[in-house]
Amino acid sequence: MPDPLDVLAALIGVDRAPDLADAARRLAAAGVPVFPCEPDGKRPLTRRGFLDATSNRAQVAAWWSRTPDANIGLPTGEVSGVVVVDVDVHGPIDGRVAWKRAADVGLVDGAGLLVRTPTGGTHAYFPATPGTEQRSWQAANVGVDFRGDGGYVIAPPSQRTIDGSVRRYRVADITAHTVGPVDAARLRDFLDPRPTPAARSGGSIGAVDAERLAAWVAGRGEGERNRGLFWAACRLAENGTPSADALDALGPAAAQAGLSEREITTTVRSAYRATQPAPAPRPSADAPRGGADRWCSRSVAPSAVSLGRAGL
């Protein structure tokens with residue numbers, strides 16, 4: 001893993017680089033893995049995206065000789081030595097509010113570098129924790145994302161065109177205190193706590209618990225809807241709730257979040273299989289055909305699903 005402080009220093013060094021090709025070569029020379037993204041955008045130009053990132057100088061020079069104005073992609077996590085808290089400012093959701101809340105309780109004190117994004121948001125860079133995997137996640141309802149293992153960000157001095165103006169990713173602040181890792185799991189739990197259904201001895205779920213889980217699922221944003229539904233369905237499965245009841249409880253909320261009926265059914269099915277694995281029963285001569293797949297025979301009411309979609 002590259003030394004996080006060396007990576008931060010390299011990013012500061014290229015912040016005012018005269019062109020993107022020069023910046024990419026300088027980052028690679030400093031041992032920072034990079035890969036090209038489309039000019040003025042975020043989409044990777046290589047087939048495997050951030051998995052192709054490298055600090056090999058010849059490869060980086062070849063990429064940017066073909067596309068000199070390609071933006072610079074930086075993989076996050078152990079591969080680069082840094083992770084990033086992405087604070088978004090989009091429409092009514094202002095991630096700076098959530099960031100301030102986290103800062104007030106000391107959850108983001110270790111940020112070593114703040115980069116202003118073209119849309120007015122901020123990328124806060126932290127050193128990755130050696131030997132600890134921290135997967136990327138999104139908390140779209142509060143405007144904060146985490147880019148760790150399995151993610152990437154666009155690095156300075158890349159640029160975007162916003163409302164007809166060219167705006168660059170620029171270093172906005174350098175830490176004046178000790179740089180340290182961020183506890184991504186604790187930060188997520190603080191910003192976007194997951195509801196915990198009360199344990200029950202029976203096979204049914206109480207209305208209050210169902211409402212709490214459903215309301216949480218309904219608030220999931222794009223990129224976290226399936227995962228949120230899966231997590232909520234697992235909680236119901238662990239609570240002894242019949243799968244059909246779980247589908248009835250969570251289906252309309254997941255539809256409101258933007259999932260299709262097929263996605264909802266598949267995700268809940270996967271949650272129950274993961275939480276309650278059991279060997280397939282040996283068929284008998286008088287067993288009804290197709291019984292193995294009847295765990296989910298009660299489908300979400302069409303009117304409930306369509307009503308949820310209508311509210312998007």
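# Chat about a predicted model

Colleague: How many residues does the protein have, and what share counts as buried?
Modeller: The protein has 312 residues, and 45% of them count as buried. Keep in mind that this is a predicted model.

Colleague: How many helices and strands are there?
Modeller: The protein has ten helices and 13 strands.

Colleague: And what share of the contacts joins residues at least 24 apart?
Modeller: Take the contacts between residues at least 6 apart in sequence. Of those, 72% join residues at least 24 apart.

Colleague: OK, confidence. What is the average pLDDT?
Modeller: It averages 83 over the protein. A score of at least 70 is reached by 84% of the residues.

Colleague: Where is confidence highest, and where is it lowest?
Modeller: Helix α3, residues 57-66, is highest, at a mean of 98. Helix α10, residues 302-310, is lowest, at a mean of 30.

Colleague: Which stretch has a pLDDT below 50?
Modeller: Residues 201-208 do. That stretch has twelve contacts in the model beyond near neighbours in sequence. Residues 284-312 also stay under 50. For them the model has 36 contacts beyond four places in sequence.

Colleague: What should I do with those parts?
Modeller: Where pLDDT is low, the predicted coordinates should not be read in detail.

Colleague: Which residues are closest to its centre?
Modeller: Lys42, Asp86, His123, Arg147 and Tyr169. They belong to a lining of 20 residues.

Colleague: How does the lining divide into nonpolar, polar and charged?
Modeller: Six residues of the lining are nonpolar, eight are polar and six are charged.

Colleague: Which strand gives the most to the lining?
Modeller: Strand β10, with four residues. At least two residues each come from β3 (82-87), β9 (144-147) and β10 (151-154).

Colleague: Let's do rings. How many aromatic pairs are there?
Modeller: The count comes to four. One of them is Phe35 with Tyr152, and that pair is edge-to-face. The ring centres are 5.2 Å apart, with 75° between the planes.

Colleague: Which parts does that pair tie together?
Modeller: Phe35 lies in strand β1 (residues 35-37) and Tyr152 in strand β10, so the pair ties together parts that are 117 residues apart in sequence.

Colleague: Is Phe35 buried or exposed? And Tyr152, what is its relative accessible area?
Modeller: Phe35 is buried, at a relative accessible area of 0%. Tyr152 is partly exposed, at 23%.

Colleague: How are Trp137 and Phe146 arranged, stacked or edge-to-face?
Modeller: Trp137 and Phe146 are stacked. Their centres are 5.7 Å apart, with 25° between the planes. Trp137 counts as buried, at 6% relative accessibility. Phe146 counts as buried too, at 0%.

Colleague: Which residues do ring pairs link into a cluster?
Modeller: Phe35, Phe50 and Tyr152.

Colleague: Back to the chain. Where is Asp40?
Modeller: Asp40 is in the loop between β1 and α3. Asp40 is partly exposed, with a relative accessible area of 31%.

Colleague: What does Asp40 touch?
Modeller: Leaving out residues up to four places away in sequence, Asp40 touches Asn71, Gln159, Arg160 and Thr161. Asp40 and Thr161 are 121 residues apart along the chain, yet their C-alpha atoms are separated by 6.3 Å.

Colleague: What is the phi of Asp40?
Modeller: About 65°. That is a positive phi, although Asp40 is not a glycine.

Colleague: What about Asp163, what is its phi?
Modeller: Phi of Asp163 is near 55°, a positive value in a residue other than glycine. Asp163 lies in the loop between β11 and β12 (165-168). Asp163 is exposed because its relative accessible area is 73%, and exposed means over 50%.

Colleague: Where is Arg43, and what does Arg43 touch?
Modeller: Arg43 lies in the loop between β1 and α3. Not counting residues up to four places away in sequence, Arg43 touches Cys37, Glu38 and Tyr152. Arg43 counts as exposed, at 58% relative accessibility.

Colleague: Last one. Which residues does a cis peptide bond join?
Modeller: Pro156 and Pro157, with omega about 0°. Pro157 has its place in the loop between β10 and β11 (159-162).

Note on methods: Residues are numbered from 1 along each chain as its sequence is written. This is a predicted model: local features need pLDDT of at least 70, side-chain atom pairs count only at pLDDT 80 or more; totals for chains, interfaces and linings use all residues. Side-chain values use heavy atoms; hydrogens and water are left out. pLDDT is the predictor's confidence in each residue, from 0 to 100. Contact means heavy atoms within 4.5 Å. On a 1 Å grid over the protein atoms alone, a cavity is a set of points where a 1.4 Å probe fits but cannot get out, and a pocket is an open set with protein on both sides within 12 Å along at least five of seven lines; lining residues have an atom within 4 Å of a point. Ala, Val, Leu, Ile, Met, Phe, Trp, Tyr, Cys and Pro count as nonpolar, Asp, Glu, Lys and Arg as charged, and the others, Gly among them, as polar. Rings of Phe, Tyr and Trp (its six-membered ring) pair if their centres lie within 6.5 Å; planes under 30 degrees apart count as stacked, over 60 as edge-to-face and the rest as tilted. Buried means under 20% relative accessible area, exposed over 50%, partly exposed in between (1.4 Å probe, protein chains only).
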